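The following note gathers points on the ligand surroundings, an annotated segment and the nonpolar cores. Please read it beside the sequence and the structure.

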Amino acid sequence: ERIIHWFRRDLRIHDNTALHKAVTSGIPVIPLFIIDDTLLQSPRVGAPRMKFMLQALRSLDKTLQLYGAKLIVRRGKPLDVLQQFITETGATALHFNADYSPYAQHRDNAVTKSLKVNVHSYDDALLLPPGSVMTKSGDPYKVFTPFKRAWNEKEKPAIIETAFSRAMFDAHLGEIHSERILSLADLGFAATIDIPEASEAQAHHLLDAFISEDIAYYDKTRNTLVISPFGKNRPKGTSYLSPYLRLGLLSPRQAYWAARNAYRQTNSQAHQNAIATWVSELTWREFYMHILYFYPHVMQRDFVETYQSLAWEEDPHGLQAWKDGMTGYPIIDAPMRQLKAIGWMPNRARMIVASFLTKDLLIYWKHGDIHFMQHLIDGDPAANNGGWQWAAGTGTDAQPYFRIFNPVSQSEKFATPDYLRYWLPELKDVPDDMLHTPWKMEKAPDDYPAPIVDHQKARERTLAAFKAARGE
Ligand code: FAD
C-alpha cells in the first residue's frame, strides 16, 4: 500500500501538517508536485516567482533525498494528473494542505469529489484558518483591528516535530516517472532576474538572523526604503521572508513562535513592542486570506460595492509610464524599477506607488495588482489584492478616500538620496535637496521625464470621482 502527499504552497518538510499526517500514518508516502498548466498560462504568474518556485522544488527534492526519497514532478491539469497517477501507482489516499484562494478551492473541491481514493485536506497555511476567527454573531470580520483583537486572544497551534526516516517514504520511487525538474524555458518563460536562494534552510537562516538581531529595531526600520534585501549585506529593514511564507518554505507557525519566544526572553518594552508590531504584520497576512476566502468577489471587483460606479480613467500611457518607472516622480519611479530588477519592493514603497496609480492617475487598481503579480517573487492573491484595494480606497480598512499620499512629502519622509540615485541613475548628479523634485531644477536632467501629472490637480479630480460614486 502507498499514499500521496501532494505539495502545493507548502514547499518544506518541517512543520508541514499534511506531510506529517501522511508520513506518520504507517503507510509509505509518495511526495508529488504538479506543475499546473492553468497557472502557467495565467497572466497573474510571472517568470521571477516561477523561477523561485522551481528552485524551491529542486531544493525540496534534495532534502527528500536525505531520506532516500525524491520529489515526483508531473505536469498538466491537477485532476487529470491525479487520476492517472493514482491508477498508475495504486495509491490509496491523498493528503494535502488547504489553500484558500478561489482557484485553489475550486480545484480542491473537484479533486475531493472526483477521486476514488480517500482525500485528506488539512489547515496549515495560516496560524488560524478561515472560520476560526469570527464575530460574536458568527460572521467574518470586515475590519482589521477587531479581527486582530480576536486573533490575538486565540491559542495558536504549536510547531509539529516530525522525526523523518527512510521507512516513511515509498521504497520504489525510482520506478515512478518524474519530469526532470523543469527549467523556466521548458515552461515557456523567458530568462529572468536573479532571485534569492529558495530553500527551507535559507528561510530559517533569514528568520534566525531577523529574530536575533533586526526585529528589535523593526518599529524604526520597517518603513526604510532598502535598495535590495537580497545578497550578503542584508540591510536592516524588515524580515524579507515574504517569498518564503508565500510558497511555504517557512510555515507561519515557525515565524510566529520564533517571535513569541524572543518576546518572552526580553525585558525591554521597546523590544517587545517591536516584536508585537511584526506579529501584527503576520496577522494582516491571515486577515487578507480570510477576506479572500469569505469574499472571493474581491478578485474580480471592489470589496466595497459603492465604488463599482467610480469613473476610473482609461489611460494606457499613464499606466505604461508607471510600469516603466517613467512618471517623473522619483519616489514612484525608483521602486517601480526596483520591482522589475529584483522582484521585490519595500512595503512603504508598495503603498506609495499603489496610491499614485489609483489616486494620482485614477487608474483602476486591477491594473496595478496584475503588474505586481507578474513581477513580485512574493506575489500572493490575498495579500496583493488586500494591499491594492486598501491603497485604492475600495477595500476593507480602506484608506479613507480623501487621504491621498502626496508623493513629494512621502519622498522627503522616506526616500534616501542613495535609494533614489541607485534606481534612477539619470539623477546621479542631482543634488540631495532637489532629488525629490527634479522638475524644479533650473536645468533638470534631459533623460529623466517631467511629471506626467500635477499632484494637486490629480488630487482634486480623484476627490470628485469618489464623491460622485458615493452620491455626495
Ligand atoms: P515584514 O515586514 O517582515 O512582514 C512579515 C510578513 O508579514 C511578510 O513576509 C508577509 O508575509 C506578512 N505581511 C506583512 N505586511 C503585510 C500586509 N500588508 N498584508 C499581508 N501580509 C503582510 N505581501 C505579500 O506577501 N505578497 C504580495 O503580493 C503583496 N502585495 C502587496 C501589494 C500592495 C499594494 C501592498 C501595499 C502590500 C503588499 N504586500 C504583499 C504586503 C507587504 O508589502 C509585504 O508582505 C512585505 O513588504 C514583505 O516584506 P517582508 O517579508 O520583509 O515583510
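1. Two residues are in contact if their C-beta atoms, placed from the backbone, lie within 7 Å. Leaving aside neighbours within four places in sequence, Leu241 is in contact with Ala203, Leu206, Leu207, Leu250 and Ala255.

2. This is a predicted model: local features need pLDDT of at least 70, side-chain atom pairs count only at pLDDT 80 or more, and totals for chains, interfaces and linings use all residues. Residues are numbered from 1 along each chain as its sequence is written.

3. The ligand is surrounded by 29 residues (C-beta atom, placed from the backbone, within 6 Å of the molecule). The closest are Thr238, Ser239, Ser242, Asn384 and Gly387. This shell divides into 14 nonpolar, eight polar and seven charged residues (Ala, Val, Leu, Ile, Met, Phe, Trp, Tyr, Cys and Pro count as nonpolar, Asp, Glu, Lys and Arg as charged, and the others, Gly among them, as polar).

4. Helix α16 gives the largest share of the shell, six residues; α9 (242–246), α11 (269–294) and α14 (347–360) are among the elements that each supply at least two. Helices are DSSP runs of H or I, at least four residues, and strands are runs of E, at least two, numbered from the N terminus. Because domain 2 (200–294) and domain 3 (305–469) both give residues to the shell, the ligand lies between them; the bounds come from an automatic or database domain assignment.

5. In the largest nonpolar core, of 100 residues, Leu32, Ala56, Leu57 and Leu241 touch the most other members. A core is a set of buried Ala, Val, Leu, Ile, Met, Phe, Trp, Tyr and Cys residues joined through C-beta atoms within 7 Å, buried meaning that 20 or more other C-beta atoms lie within 10 Å of a residue's own.

How values were computed. Buried ≥ 20, exposed ≤ 12 C-beta atoms within 10 Å, placed from the backbone.
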